[in-house]
Amino acid sequence: MVESADLDLDFGDRSPPSIASALSRAISEGDLAPAARLPTVRQLAAQLGVSPATVSAAWQALSRAGLIVSRGRAGSFVMQGRAEWLTPRVQNLAAHPGVPALDLSRGTPDPDLLPALAPAFARVSLSADAGSYSDAPVLTELGELLARSWPHPAERITVLDGALDGMGRTLERLVSFGDRVAVESPGFPYLFDLLEALGAQVVPLDLDEHGVVPASLARAAATRLRAVVLQPRAQNPTGASMTEERTDELAAVLASVRDGDRVVVVEDDHSGMIATADDVTLARWMPGQVVHVRSFSKSHGPDLRLAALGGPAHIIDRVVARRMLGPGWTSRILQRILVELLTDPAAVAAVQGARERYRSRQAAVAASLRECGVRIATPDGVNLWMPVAHERQALLQLAAAGIAAALGSPFLVAPVPGDHLRLTTGLVPEPDAPRVARVLADAAHRASP
């Protein structure tokens with residue numbers, strides 16, 4: 001039998017939250033190794049002089065948070081590392097092996113608000129014959145639809161397999177080892193990992209309620225950047241959306257600095273069709289330097305893996321040419337499905353209805369949080385960035401209440417004041433907003449290291 005780990009820890013007042021917090025700190029700081037066997041509930045209860053029910057409540061909270069796992073008669077163990085294909089930063093976004101009552105950790109859309117795919121599949125030919133391998137990678141009809149809806153005329157538009165695919169292929173063509181790339185902090189963890197894989201030097205940008213702060217971009221641009229990556233709408237994780245005035249200010253910053261005309265701006269419009277803010281782009285002032293990515297994951301379904309990439313020909317053509325040496329093109333069957341979804345009145349109405357539902361849900365949760373004393377603006381899109389006293393303890397407290405959340409630290413390149421959680425509150429129905437907000441606010445206020 002595997003011996004239990006020695007728990008010589010400061011358990012505080014020996015309440016379930018204090019016991020869970022002590023174990024959480026020991027696990028996160030490496031004092032308890034992955035797969036370490038924990039004492040039984042009765043053993044620890046006797047050691048601490050508390051009831052087994054007290055320890056059991058702490059164990060349940062840790063299990064819901066994904067920090068420990070029960071194996072029946074074999075005992076409870078510290079959770080081992082999760083999927084090897086995920087980076088440590090991404091693995092730490094959320095921690096819950098089970099199914100929480102309300103999962104606000106994932107950043108995904110509400111499946112009930114996505115347009116139905118069956119009618120679109122019923123109307124298109126599902127022949128997998130691609131014709132020539134050297135055919136244009138984008139269907140003519142889809143290209144025309146995208147061009148008409150683009151925020152500023154683009155020399156080229158192509159279709160790829162999701163927003164990160166678009167950003168990744170663009171940055172691979174632009175960024176060399178050691179190049180400086182400015183990104184929002186807080187921002188998108190997968191982007192941070194991508195830039196690290198490219199050997200780029202990541203430069204953090206500060207945010208406010210309208211996106212990147214111009215003074216922060218000016219400081220970063222003074223270091224001679226190669227690229228800037230922005231989220232113009234429904235910024236993940238904060239939900240901030242840029243105004244036209246803000247894009248004007250940011251473009252003016254780049255125009256005023258040395259070598260500003262060589263900086264490429266990559267805009268990640270991942271939630272564009274469900275965001276309520278105006279469709280803005282720096283390409284209005286600097287079209288030769290802006291690549292705009294529009295994803296259809298939040299609006300039409302993550303598993304469609306579809307995004308459009310538009311910008312100057314000298315960049316987009318390089319992306320398309322390199323892709324022809326790999327996957328070649330995005331499935332034209334899926335492109336036909338997207339054409340149907342963008343033109344069918346029922347599908348269009350479903351996306352418009354989803355946008356309004358997300359707006360209403362976010363407003364309801366934000367208003368309820370403010371009533372509970374949490375200072376927060378109403379976010380766009382599906383995510384909310386909530387300040388908390390201590391993120392890991394807040395995560396545990398929410399797990400004990402059946403709510404999963406994402407830790408804030410993986411979203412940071414540089415420290416920001418206070419701790420945070422990222423919550424996909426676009427999944428919270430309006431009638432449930434006051435109740436859920438009270439639980440969230442309690443975790444935000446009471447959690448302590």
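Q: What covers the buried residues of α13?
A: This is a predicted model, where local features need pLDDT of at least 70 and side-chain atom pairs count only at pLDDT 80 or more, while totals for chains, interfaces and linings use all residues. Residues are numbered from 1 along each chain as its sequence is written, and side-chain values use heavy atoms, leaving out hydrogens and water. Helices (DSSP runs of H or I, at least four residues) and strands (runs of E, at least two) are numbered from the N terminus, and contact means heavy atoms within 4.5 Å. The cover includes α5 (118–123), α6 (140–149), β4 (156–160), α11 (297–300) and α14 (345–371).

Q: Which residues in α13 are buried?
A: Buried here means under 20% relative accessible area, with a 1.4 Å probe and protein chains only. In α13 that picks out R332, Q335, I337, L338, V339, E340 and L341.

Q: How far apart are the end C-alpha atoms of helix α13?
A: The expected span is 1.5 Å times one less than the number of residues. Helix α13 has 12 residues (332–343), so it should span 16 Å. The model agrees, with the end C-alpha atoms apart by 16 Å.

Q: Which helix gives the largest share of the lining of the second largest cavity?
A: That lining is made up of S24, L67, R392, L395 and L396. The largest share, 3 residues, comes from α15.

Q: Which strand gives the most to the lining of the second largest pocket?
A: This pocket has a volume of about 530 Å³ and is lined by 21 residues, with D208, E209, T238, W385 and H420 nearest its centre. Two elements give two or more residues each, β7 (207–208) and β13 (384–388). With 3 residues, the top contributor is β13.

Key. On a 1 Å grid over the protein atoms alone, a cavity is a set of points where a 1.4 Å probe fits but cannot get out, and a pocket is an open set with protein on both sides within 12 Å along at least five of seven lines; lining residues have an atom within 4 Å of a point. Buried means under 20% relative accessible area, exposed over 50%, partly exposed in between (1.4 Å probe, protein chains only). Grid points are joined across faces, edges and corners, and a volume is the space filled by probe spheres set on the points.
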